[in-house]
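Hi everyone, thanks for coming. Let me walk you through a structure that may be new to you.

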Amino acid sequence: MKPLFDDNYWMGLALEEAKAAFAKDEVPIGAVLVEGQELLARTHNLRETTGDPTAHAEVLALREAGIAKGGWRLTGTTLYVTVEPCIMCAGALIWARVERLVYGTADLRAGAVDSLFDLLRDSRLNHRLEVKGQVRSGECKALMQDFFRQRRDG
C-alpha cells in the first residue's frame, strides 16, 4: 500500500527546494504543488538566475503543473510554499483555481494571505482558497534569516 503523505511531508519537499534556491544565491523560497498524493511540480525562486521578476517559486510551480495537467485550471490541488505568498503569487493562485494553500512562515513585509492582506479568502473574488499557515514555520523562518544574515555579513 502506498504511504499517505501529510502537510509536514510536502512542506519538507518545499524546504528542500528552498535550500536549492539558497545554494544558487536566490531568496530561499521553495514550493511544491500536489493533487491528492501526486506531486505535480517542485520549484524554487529563480529571479536572479533568470532575470525574470515573476520567477517566484509559486508562479513557477503553477506553470509546471499547468503543463503537466495540460491546462491552467488547477482545481483540486494544494500548493505548499515555505513563505507566505506575495500579492502576485496570491493572485496567480486564485486565477489558477488552486484549492488549498499551505505555507511555512509569515512574510510581514509582503504577505498577501494573512500578514498585509487576506486576498485568498476575499469574498469579493470569484474563487477562494482554504489556507493553513505556520507549517514547519521555525525551519522556514530560520532559512530566510540565515540567508539574509549571510548577505548582510558577507
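Before we start, one definition: I'll say contact when heavy atoms lie within 4.5 Å. Helices (H or I, at least four residues) and strands (E, at least two) are DSSP runs, numbered from the N terminus. Please keep in mind that this is a predicted model, where local features need pLDDT of at least 70, side-chain atom pairs count only at pLDDT 80 or more, and totals for chains, interfaces and linings use all residues. Residues are numbered from 1 along each chain as its sequence is written, and side-chain values use heavy atoms, leaving out hydrogens and water.

Now, the sheet. Two strands pair if DSSP finds at least two bridges between them. In what order do the five strands of the open sheet run? The order is β2-β1-β3-β4-β5, with mixed pairing. β2 and β5 (130-132) stand at the edges with a single partner strand each, so one side of each has no neighbour in the sheet.

Let's look at β1, residues 30-35. Buried means under 20% relative accessible area, exposed over 50%, and partly exposed in between, with a 1.4 Å probe and protein chains only. Five of the six residues of β1 are buried, so the strand is largely enclosed by the rest of the structure. β1 pairs with β2 (residues 38-44) in the antiparallel sense over six bridges, and G30 has H44 as its bridge partner in β2.

On to β3, residues 77-83: with β1, the pairing is antiparallel over five bridges. With β4 (residues 100-105), β3 pairs in the parallel sense, also over five bridges.

Finally, helix α3 (residues 57-69) lies across β1, β2 and β3, running at about 145° to β2. Here axes are lines fitted to C-alpha atoms, for helices over the stretch in contact, and angles run from 0 to 180 degrees between N-to-C directions.
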